[in-house]
Amino acid sequence: MARFDPDFSIFGILAGDLLPGKPIETTRIDYVNQACAEIYGDLTGMEFSELFATIAEGTEAGTSLMEKFKESGRISFEGKLFGRFVKFHSRIIDCRDDDACAITQYIQAGITDITESVILKKLLYGTSEALRRAAEAADDDTARHISRINEYSKLLATLQGADVTFIEKIASFAQLHDIGKIKIAQIIRLPRELTREEFSVVKKHPSFGGKMVKGLEGLEMAYDIIMDHHEKWDGSGYPRGKKAEEITLAGRIVGLVDVFDALVSSRPYKKSYDYDTTRAIIAKGDGRVMPTHFDPQLLQLFLENYQRFVSIHRKMKS
Ligand SMILES: [Fe+2]
Ligand SMILES: [Fe+2]
């Protein structure tokens with residue numbers, strides 16, 4: 001039997017020989033490792049087509065999954081198996097050099113049981129949503145703004161080339177950036193420009209929000225976003241006056257799109273700017289907003305893809 005890739009063998013392993021001229025779908029599983037057997041029972045003898053059909057919840061879906069597998073020799077599929085959430089990985093490894101057999105290729109497939117992590121993820125994003133609703137109850141105008149921030153942040157993180165986990169998190173936690181405003185709801189609802197004293201209280205909202213999530217496992221990125229979204233690349237921001245890469249990437253992303261949304265949105269005390277004026281302010285500065293406030297790489301990506309951010313605002317305006 002061909003050797004298993006040690007990195008791969010941390011998962012439940014199923015494997016079957018693929019002989020020359022023998023279709024993959026009729027290949028039977030001839031090995032099930034203990035981790036896999038403990039969860040799914042002994043699948044030895046099952047045909048791969050049957051396994052695919054089970055995983056894909058139906059013969060038709062199983063067949064198309066099999067086609068995908070044949071095309072790429074490598075698939076990753078998340079589905080449910082026997083009531084559990086599973087991640088199914090499969091690939092063909094070339095083992096022509098294996099002198100033990102006439103096998104030209106070997107199917108190696110792994111099943112990761114991700115039930116616990118799926119539940120934890122749901123709990124985590126549920127917590128984020130509950131906090132967002134609390135913020136919404138405190139201030140309705142902010143509610144629409146914070147939903148848009150999720151979308152812009154997801155887009156900018158994607159353009160930046162962030163990994164999938166980062167993108168998934170920022171798309172759920174960006175909405176918490178202003179959670180600290182719950183504490184100052186009376187001030188931010190005033191239908192006029194704020195006094196100097198009132199504004200200095202408003203500037204404490206990152207610290208108020210930071211305290212709400214500090215030290216909570218799973219909410220680390222939420223903390224970064226809350227604390228860093230008013231920090232500026234040139235060090236002129238608040239609450240800590242961080243600079244450049246001292247500011248977390250999540251904070252830099254949310255900080256930029258937050259400024260964009262604030263400029264294109266009207267508030268009780270200010271009118272909105274049109275999209276062209278907003279772009280010019282962000283690119284060239286107007287004294288209050290300056291291009292030196294932003295991560296240059298993110299700023300470039302933002303400006304190059306400006307219309308995509310505008311579309312999100314148009315779609316989610318009301
Ligand atoms: Fe804020
Ligand atoms: Fe904001």
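Which residues is Ile225 in contact with, leaving aside its neighbours within four places in sequence? The list runs Phe173, Ala174, Leu176, His177, Ala250, Gly251 and Val254. Here, two residues are in contact if their C-beta atoms, placed from the backbone, lie within 7 Å.

## Ground rules

This is a predicted model, where local features need pLDDT of at least 70 and side-chain atom pairs count only at pLDDT 80 or more, while totals for chains, interfaces and linings use all residues. Residues are numbered from 1 along each chain as its sequence is written, and chains are lettered from A and ligands numbered from 1 in the order in which they are written.

## The chain overall

The protein chain has 14 helices and 5 strands. Both are DSSP runs numbered from the N terminus: helices are H or I with at least four residues, strands are E with at least two. Of the 318 residues in the chain, 33% are buried. A residue counts as buried if 20 or more other C-beta atoms (placed from the backbone) lie within 10 Å of its own, as exposed if 12 or fewer do, and as partly exposed in between.

As for contacts with a separation of 6 or more, 56% of them link residues 24 or more positions apart.

In soluble globular proteins, nonpolar side chains tend to be buried together. A nonpolar core here is a set of buried Ala, Val, Leu, Ile, Met, Phe, Trp, Tyr and Cys residues joined through C-beta atoms within 7 Å. The largest one has 38 residues, and Ile225 is among those with the most contacts inside it, along with Leu156, Ala222, Ile253, Leu256 and Phe260. At least two residues each come from α4 (115-138), α5 (140-160), α6 (164-173), α10 (220-228), α11 and α13. The top contributor is α11, with 9 residues.

There's also a second, separate core of 20 residues, including Cys36, Phe88, Ile107 and Ala109.

## α11 and its partners

Let's start with α10. It packs against α11 at an angle of about 50 degrees, with the axes 8 Å apart. Axes are lines fitted to C-alpha atoms, for helices over the stretch in contact, and angles run from 0 to 180 degrees between N-to-C directions. That makes α10 oblique to α11; the scheme calls angles under 35 degrees roughly parallel, over 145 roughly antiparallel, 65 to 115 roughly perpendicular and the rest oblique. Met221, Asp224, Ile225, Met227 and Asp228 of α10 meet Ala250, Gly251, Val254 and Gly255 of α11. By class, that's 5 nonpolar, 2 polar and 2 charged residues, with Ala, Val, Leu, Ile, Met, Phe, Trp, Tyr, Cys and Pro counted as nonpolar, Asp, Glu, Lys and Arg as charged, and the others, Gly among them, as polar.

Then there's α13 (residues 296-304), whose axis comes within 10 Å of that of α11 (residues 249-264), crossing at roughly 40 degrees. So α11 is oblique to α13 as well, and this crossing is right-handed. Arg252, Ile253 and Leu256 in α11 meet Leu298, Leu299 and Phe302 in α13, which gives 5 nonpolar, no polar and 1 charged residues.

## Loops worth a look

Most residues other than glycine have a negative phi, and most peptide bonds are trans. The loop between α10 and α11 holds Pro239, and the peptide bond from Tyr238 to Pro239 is cis, with omega near 5 degrees. Ala244 is found in that loop too, with a positive phi of about 40 degrees although it is not a glycine. Ala244 is partly exposed, with 13 other C-beta atoms within 10 Å.

Val289 sits in the loop between α12 (275-284) and α13. With 19 other C-beta atoms within 10 Å, Val289 is partly exposed. Leaving aside its neighbours within four places in sequence, Val289 is in contact with Val259, Ile281 and Ile282. Its C-alpha atom is 9.8 Å from that of Leu263, 26 residues away along the chain.

## The α2–α3 pair

The axes of α2 (residues 48-55) and α3 (residues 59-72) come within 7 Å and cross at roughly 115 degrees. That makes α2 roughly perpendicular to α3, and the crossing is right-handed. Ser49, Phe52 and Ala53 of α2 make the contact with Thr59, Gly62, Leu65 and Met66 of α3. By class, there are 4 nonpolar, 3 polar and no charged residues.

Terms used:
A crossing is left-handed if the near helix is turned anticlockwise from the far one by less than a right angle, and right-handed if clockwise.
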